[in-house]
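The sequence and structure are shown below.

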Amino acid sequence: MPEVLANMTDEILRVEGLKTRFFTDEGQVNAVDGVDLAIERGDTYGIVGESGSGKSVTARSIIDLIDSPGEITDGEIWYRNREFADAVADDYPDAIDDDQVDLLRIPPSIRRSLRGTHFSMIFQDPQSSFNPSITVGEQIAEAVEVQQRASANPRSTRARSQNYTLTSMALGTVLQSKRYVTSASRERAIELLELVGIPDPVERADEYPHEYSGGMLQRAMIAQALAGEPDILVADEPTTALDVTIQAQILDLLDDLKAETGMTILLITHNLGVVARMCDRVGVMYAGEIVERGTLEDVFDDYVHPYTAGLLGSVPDLEGAGGRLQPISGNVPSLLDHEMGDRCHFADRCPKAMENCLNHPPEYPTSGSDDHAVRCVLAETEYDDEKALPDDYFVGTDRPAGDKHVGPDDRDEDDEERRHPPAETTGGEHQ
């Protein structure tokens, strides 16, 4: 276990060495490759990176939503909950460490029972996540009902819906007593709609998803995620496709709900502005790995990894008019095992790639906070231009063409400056 993770005292979730693979016709895809992270109770932990870095797969792995051909192949997911630990301790003693449970050592049926009451998720696209033929209120009420029935036995999933058949549904349309969703659950659904700021919640509960605006539907999805009063809320790109005003409202709502309920949030995003506004701690993800992690101040002000610097450099500076953005050249790799190699996966795009980057870097501590760690040799060694890899070093390798260093004929003066920056700019303050 990484020492910095072991030293955290109020962590509600700890992930160690998590690996998730997808076994496809093209080969093995290493979507999550040895991820370590720890989240403290009541915090918001952000995972940020480009599309294709493995952020969403990491979140789905934690709550056991990986479908075939995907598979969690290694790692530990420790969840701290005394009541749940006591409930499963007799049958699965190897999965217990005091008040923590390793979720990967208990049966999938028990892991599924944690969804809703312990873990819940806000998905990227609320429009596709709601059933268009059922009113929003009814769908939220059903989520409430499912969690209430399951709460009677946290080790069983049968209480959720297996006893409710098509015959039961047909009878429910005629007989009130046979309906799956009770009146109490419907009332709770209206309360949840009001909690997330839906105006006229009683009337809105009887409307269908297509009658909601994008922002309102995202609020309704948050209401549904809160139905089981979860300990941990996973928010996967919760502001995608919303305009900036609505984005701000959704982020304010999540902050208010966290303060009111005390829940912990795992936030998945590619938006550094969202991270800066919401997060206490951050993990920067690239090619299935957390390449830099720490407090918000560590990552934004005292970053070490060139990938973190590249992400920050690609954000417009509103105070410096006329400044030129510095995008990261190339693309995220395919994550196919036979193309990745045992080296720093960012080396073929890195403006500071050196000879020792051809070895896979361990996680190094830094001189910042105890939480700050980075997978980069620059944590221990200053950039040396004499040891830099040639610009065409990766030309002709198995990596796709877009993942190589820019060629000598493709660079302008600004590119050259970024390729060979002064050594003293390795860590610097975010401009």
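## The second largest pocket

In this predicted model, the second largest pocket holds about 630 Å³ of space. Its lining comprises 22 residues, and those closest to the centre are Ser120, Phe123, Ala143, Gln147 and Gln224. Strand E7 (119-122), helix H6 (136-150) and helix H11 (214-225) are the elements that give two or more residues to this lining. H6 gives the most, with five residues.

Sorted by class, the lining of the second largest pocket has 11 nonpolar, seven polar and four charged residues. The pocket lies between domain 1 (10-118 + 232-318 + 325-343) and domain 2 (130-155 + 180-229), because both domains give residues to its lining.

## The setting of Asn30

Asn30 belongs to strand E2, which covers residues 27-40. With a relative accessibility of 6%, Asn30 counts as buried, because the cut-off for that class is under 20%.

Leaving aside residues up to four places away in sequence, Asn30 touches Thr20, Arg21, Gly288, Leu335 and Asp337. Glu289 is 259 residues from Asn30 along the chain, yet the C-alpha atoms of the two are separated by 9.7 Å.

## Confidence of the model

The average pLDDT of the protein chain is 84, and 81% of the residues score at least 70. In residues 1-8 the pLDDT is below 50; this stretch has 18 contacts in the model beyond near neighbours in sequence. The pLDDT is also below 50 over residues 400-431, a stretch with 67 contacts in the model beyond near neighbours in sequence.

Key:
Residues numbered from 1 in each chain as written. Predicted model: local features only at pLDDT ≥ 70, side-chain atom pairs only at ≥ 80, totals over all residues. Heavy atoms only, no water. pLDDT = per-residue confidence, 0-100. Contact = heavy atoms within 4.5 Å. 1 Å grid on protein atoms, 1.4 Å probe; cavity = no way out; pocket = protein on both sides within 12 Å on 5 of 7 lines; lining within 4 Å. Points joined across faces, edges and corners; volume = space filled by probe spheres on them. Helix = DSSP H or I, 4+ residues; strand = E, 2+ residues; numbered from the N terminus. Nonpolar A, V, L, I, M, F, W, Y, C, P; charged D, E, K, R; others polar. Domains from an automatic or database assignment. Buried < 20%, exposed > 50% of the residue type's maximum accessible area, 1.4 Å probe, protein only.
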